[in-house]
Amino acid sequence: MQKKEEMASLTEINDVWDYYKKDLVEVEDQLRKNLDSKVLLINKASNYILDSGGKRIRPLLMIISSSLFGYTSKEVIILAGIIEFIHTATLLHDDVIDNSDLRRGKKAVRAIWGNQSSILIGDYLYTRALSKTISLEVHEINYSVSQACTSMLEGEVLQFYHNGNINITEEEYLNIIEHKTAALLSAACRLGAIVGGAKEEEKDAISRFGLKLGTAFQVADDTLDYIADKEKLGKSMGKDLNEGKITLPLLHLLRHCDSSDKKKLMVMIETNSFEEKDLHYILTLMREHGSIDYSLGKAKYYIEEAKKELPIFEDSPHKKSLSILADYVATRDY
């Protein structure tokens, strides 16, 4: 009866955050405990970016995944902190690569302490996360974390290689996302299943769920770059475009606009010069040709594919939370 009542109480994303609030607070405490460097700048800059917001979706996924199998040990909190450290390290590196001055509406670490500090502190968080992982002395956990890190770095290189490439295909774009973003969400889910003692087919199912969820998350985020409120998104509209990133909305537009508009777009991309009026021109074309709807539809497609992985698990508040979280990813802040 209690399980049914708990399931009935979960209807939207805020209910999910509240349901796992205690665990997420413990993750925050764990993140601070892991920052024990004797170098003041490392602790100061790391705390700065950790305090700058973020939904902690990766730790939440790990907590829900482990709870799905009845596991609620402190080990999950440690692992959740590890995953968030890895994610934070990538943000520090990304801002240097993309020459970004803002992160979640605040000055980026590189804009305050410089590129070198941002890279080195990102390296510190990576190595700190890996050393904490090794200390758990579980080979399967070590392997999953290292594979995720490898995949993410491959994705970063792929993205850099295709930067400004107007001939990139949708398949190549999705491959970058799968490596760079979805791999860590997939790992978070799998790690939860590993410590929860899940069967192999259950680990595989929850991993696929995380991979598809992560793909939807990034496609939606790339679309929000063109349509979201600046204050909500924490970055300027068209930031990805200014950084030379050819994401799905622009890919779709380049395939469907007429030759005259395509020529104008190609000149803008090749010269990397965009004024406010250019961004509005591009957005108007995207709406005209259905590029925004197409991209949002692709995100929702991956969410539905992700949810198809859930029937293998018995009904519970945790299974329902995964479904609610999936729906949130595809519809947030439009």
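**Bridges and burial**

Me: How many disulfides are there in the whole structure?
Reply: This is a predicted model. A disulfide needs two cysteine sulfur atoms within 2.5 Å. The sulfur of C149 is too far for a bond, since the closest cysteine sulfur, in C189, is 16 Å away. Searching the whole structure gives a count of 0 disulfides.

Me: Is C149 buried or exposed?
Reply: Buried means under 20% relative accessible area. C149 has 7% relative accessibility, so C149 counts as buried.

Me: Which residue forms a salt bridge with D36?
Reply: D36 lies in the loop between helix 3 and helix 4, and its partner is in helix 8, 92 residues apart. The closest N and O atoms are 3.1 Å apart, and the partner is R128.

Me: Which residue meets E170 in a salt bridge?
Reply: E170 is in helix 10 and the partner is in helix 17, 128 residues apart. The N to O distance is 3.1 Å, and the partner is K298.

Me: In which helix do E304 and K307 both lie?
Reply: The side chains of E304 and K307 meet in a salt bridge at 3.7 Å, N to O. Residues three or four places apart point the same way because an α-helix has 3.6 residues a turn. E304 and K307 are 3 residues apart, about one turn, and both lie in helix 17.

How values were computed
Residues are numbered from 1 along each chain as its sequence is written. This is a predicted model: local features need pLDDT of at least 70, side-chain atom pairs count only at pLDDT 80 or more; totals for chains, interfaces and linings use all residues. Side-chain values use heavy atoms; hydrogens and water are left out. Buried means under 20% relative accessible area, exposed over 50%, partly exposed in between (1.4 Å probe, protein chains only). A salt bridge is a side-chain nitrogen of Lys or Arg within 4 Å of a carboxyl oxygen of Asp or Glu. Helices (H or I, at least four residues) and strands (E, at least two) are DSSP runs, numbered from the N terminus.
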